Amino acid sequence: MSYRLLSSNIINTEWSALLKLQNFPNSNHIPNFFLLNRVRCCSNNYNNLEMEDLDPTKLIVINDQRSLDHKISAIRNAGPSKLQVIADFDATLTRYWVNGLRGQSSHGLLKQGNPEYDAKRQALFEYYHPLEFSPVIPLEEKTKLMEEWWGKTHGLLIEGGLTYDAIKSSVANSNIAFRDGVVELFELLEEKDVPVLIFSAGLADIIEEVLRQKVHRYFKNIKIISNQMVFDDSGRLVSFKGKLIHSLNKNEHALDMATPLHDQTGGIDGAVADNASVKQRTNVLLLGDHTGDLGMSDGLNYENRISVGFLNDNIEKNLESYRKAFDIVYLDDRPMWGVVDLAAELCSKFDG
């Protein structure tokens, strides 16, 4: 199956007709799926395209439109009660670029108020990060290295005296922001009672604080599957709770680590789907920014999965692998509006 890259001019030219065909509600957003393989660009090989002639912020790649249409129909037929959303956090829900600079990750933004220990954690990053993406290290060996890296980092956070006040200050002074449309996506899914599982190899307490400071509201349908901190009465980190979650094991096998968001008083407000009922939701909308994020649905015996990938950088180098791995690929740090439209489509009543 060949695939096409479309410039914003091509998309906008065909947009009105496609809206009428598919009954999309919002003409201000590029559609959640676009018939890319119906339009011929200047070459079947994206490497031969004049990339500077295209507006990469308006590019969407779909590898197999027929397969995608089939999945959409099946999920709509089953209804929202069978749907769950699984999302990576960093560079998926959050923007890759913020104010012209590389956006910070939930782990990278942390300043524990002790420069010595910040430097030690940075040294660990510089050593282990290249190993994480090495193509020659076997998976079993790499998994051990990631456990080693995360364990050492967590030890430094405890030894260096991290406090929850330092987390709040770090988030307040960070260069991190959600993609446009993320809040609207959360609101839609909450209205439809669709659970959202946010998977992260980072720190659950930081992710929750980012949501609290940047979104300013609580969502009863969101759970975070990430590393959980334990603080003493003075707000000082004393340990980590449960299984260590790193970049190579964040999947639904770790669902017992899921924690619901807390309301502004620190309590849990409203009904939250239990883990057993989540596993009964066998249709999945998966959002990630790395092909490895597809493993987040491991451990779930799903019937249909629509995967959406955000290819934020190094497009020419990675496009081939992304378009083979994901059903839909958004290029160059696009906003979340297309996913909002897709989720609305999946939760709508099937009329066909």
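## Salt bridges

The structure contains 15 salt bridges, a salt bridge being a side-chain nitrogen of Lys or Arg within 4 Å of a carboxyl oxygen of Asp or Glu. The model is predicted, so local features need pLDDT of at least 70 and side-chain atom pairs count only at pLDDT 80 or more, while totals for chains, interfaces and linings use all residues. Residues are numbered from 1 along each chain as its sequence is written, and side-chain values use heavy atoms, with hydrogens and water left out.

One of the salt bridges joins the side chains of Arg179 and Asp333, at 3.0 Å from N to O. Arg179 lies in the loop between α5 (164-172) and α6 (182-191), and Asp333 in the loop between β11 (328-331) and α10 (337-346), so the pair ties together parts that are 154 residues apart in sequence. Helices (H or I, at least four residues) and strands (E, at least two) are DSSP runs, numbered from the N terminus. Arg179 and Asp333 are both buried; buried means under 20% relative accessible area, exposed over 50%, and partly exposed in between, with a 1.4 Å probe and protein chains only.

## Salt bridges within helices

A salt bridge also links the side chains of Glu209 and Arg212, at 2.7 Å from N to O. These two residues, Glu209 and Arg212, are 3 residues apart in helix α7 (residues 204-215), which means that about one helical turn separates them. Glu209 has a relative accessible area of 4% and is therefore buried.

In helix α9 (residues 315-325), Glu320 and Arg323 are likewise placed 3 residues apart, about one turn of the helix. Their side chains form a salt bridge of 3.1 Å, N to O. Glu320 counts as partly exposed because its relative accessibility is 26%, whereas Arg323, at 12%, counts as buried. Elsewhere, Asp88, Lys250 and Asp293 belong to one network, joined by salt bridges that share partners.

## Nonpolar cores

A nonpolar core is a set of buried Ala, Val, Leu, Ile, Met, Phe, Trp, Tyr and Cys residues joined through side-chain atoms within 4.5 Å. The largest such core has 53 residues, and the members that touch the most others are Leu93, Phe186, Leu285, Leu287, Val308 and Val339. Helix α7 gives the most to this core, with 6 residues.

Not counting residues up to four places away in sequence, Phe186 touches Leu93, Val196, Ile198, Leu211, Phe219, Asn221 and Ile222; contact here means heavy atoms within 4.5 Å.

## The largest pocket

The volume of the largest pocket is about 1,600 Å³. A pocket is found on a 1 Å grid over the protein atoms alone, as an open set of points where a 1.4 Å probe fits, with protein on both sides within 12 Å along at least five of seven lines; lining residues have an atom within 4 Å of a point. Grid points are joined across faces, edges and corners, and the volume is the space filled by probe spheres set on the points.

The pocket is lined by 49 residues, of which Ser105, Phe125, His129, Glu132 and Phe133 are the closest to its centre. At least two lining residues come from each of α3 (115-132), α4 (139-159), β5 (196-203), β10 (304-311) and α9. The largest share, 6 residues, is from α3. By type, the lining has 14 nonpolar, 20 polar and 15 charged residues. Here Ala, Val, Leu, Ile, Met, Phe, Trp, Tyr, Cys and Pro count as nonpolar, Asp, Glu, Lys and Arg as charged, and the others, Gly among them, as polar.

## Overall make-up

The protein has 10 helices and 11 strands. It consists of 352 residues, 53% of which count as buried. Of the contacts with a separation of 6 or more, 74% are between residues 24 or more positions apart.

Asn312 is located in the loop between β10 and α9 and is buried, with a relative accessible area of 4%. Its contacts, leaving aside neighbours within four places in sequence, are Ala91, Tyr96, Trp97, Arg179, Asp289, Asp332 and Asp333. The C-alpha atoms of Asn312 and Trp97 are separated by 8.7 Å, and the two residues are 215 residues apart along the chain.

Tyr128 belongs to helix α3 and counts as buried, at 1% relative accessibility. Leaving aside neighbours within four places in sequence, Tyr128 is in contact with Leu145, Met146, Glu148, Trp149 and Lys152. Between the C-alpha atoms of Tyr128 and Glu148, which are 20 residues apart along the chain, the separation is 9.2 Å.
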